[in-house]
Amino acid sequence: RDAGGSGGDPPARTDGELFHVVSRGIRLSGMPAFERSEPEDVRWALVAFVRRLPKLDDAGRAALAAAEE
């Protein structure tokens, strides 16, 4: 969902913008900041993960769910 809650695709963001959001969080939204708790390479990995999420097929989703158990 987009930030406005109306559904549809989220606004396009550059990798740098996503990194900033992951690092600094989004105030008053429940999105925490990871700048102090995760090293830079982990935050970049989160950006890559977020980019990959929309492209996951059913098998990919199942693999992620199984990894959580």
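User: Let's start with contacts. Among those between residues at least 6 apart in sequence, what share joins residues at least 24 apart?
Analyst: In the protein chain, 32% of them do. Contact here means heavy atoms within 4.5 Å.

User: Where does the model come from, and how are residues numbered?
Analyst: This is a predicted model, where local features need pLDDT of at least 70, side-chain atom pairs count only at pLDDT 80 or more, and totals for chains, interfaces and linings use all residues. Residues are numbered from 1 along each chain as its sequence is written, and side-chain values use heavy atoms, with hydrogens and water left out.

User: What is the mean pLDDT of the chain?
Analyst: The mean is 86, and 84% of the residues reach 70 or more. The pLDDT is the predictor's confidence in each residue, from 0 to 100.

User: Where is it below 50?
Analyst: Over residues 1-5. Beyond near neighbours in sequence, that stretch has nine contacts in the model. Where pLDDT is low, the predicted coordinates should not be read in detail.

User: OK, secondary structure. How many helices and strands?
Analyst: Three helices and zero strands. The pattern along the sequence is α-α-α. Helices (H or I, at least four residues) and strands (E, at least two) are DSSP runs, numbered from the N terminus.

User: Which helix has the highest confidence, and which the lowest?
Analyst: Helix α1 (residues 15-24) is highest, at a mean of 95. Helix α3 (residues 58-68) is lowest, at 89.

User: Next, salt bridges. How many are there in the whole structure?
Analyst: The search finds three. A salt bridge is a side-chain nitrogen of Lys or Arg within 4 Å of a carboxyl oxygen of Asp or Glu.

User: What does Asp15 pair with?
Analyst: Its partner is Arg51, at 2.7 Å from N to O. Asp15 lies in helix α1 and Arg51 in helix α2, so this pair ties together parts 36 residues apart in sequence.

User: Which residue does Glu35 bridge to?
Analyst: Arg24, with the closest N and O atoms 3.1 Å apart. Glu35 sits in the loop between α1 and α2, while Arg24 is in helix α1, so the pair ties together parts 11 residues apart in sequence. Arg24 is exposed at 51%, whereas Glu35 is partly exposed at 38%.

User: And what about Asp58?
Analyst: Asp58 meets Arg61 in a salt bridge, 2.9 Å from N to O. The two are three residues apart in helix α3, so about one helical turn separates them. Asp58 is exposed at 62%. Arg61 is partly exposed at 45%.

User: Switching to the surface. Which residues make the nonpolar patch?
Analyst: Phe49, Val50, Leu53 and Leu64 make a patch of about 300 Å². Patches are made of residues with over 30% relative accessible area and no salt bridge; like charges are joined within 9 Å, nonpolar side chains (Val, Leu, Ile, Met, Phe, Trp, Tyr) within 5 Å.

User: Where is Val50 found?
Analyst: In helix α2 (residues 40-52). Val50 counts as partly exposed because its relative accessibility is 39%.

User: Last one. How much of the chain is buried?
Analyst: Of the 69 residues, 13% count as buried. The accessible surface comes to about 5600 Å², of which 55% belongs to carbon and sulfur atoms. Accessible areas come from the Shrake-Rupley method with a 1.4 Å probe; for residues, only the protein chains shown count as cover.

Notes: Buried means under 20% relative accessible area, exposed over 50%, partly exposed in between (1.4 Å probe, protein chains only).
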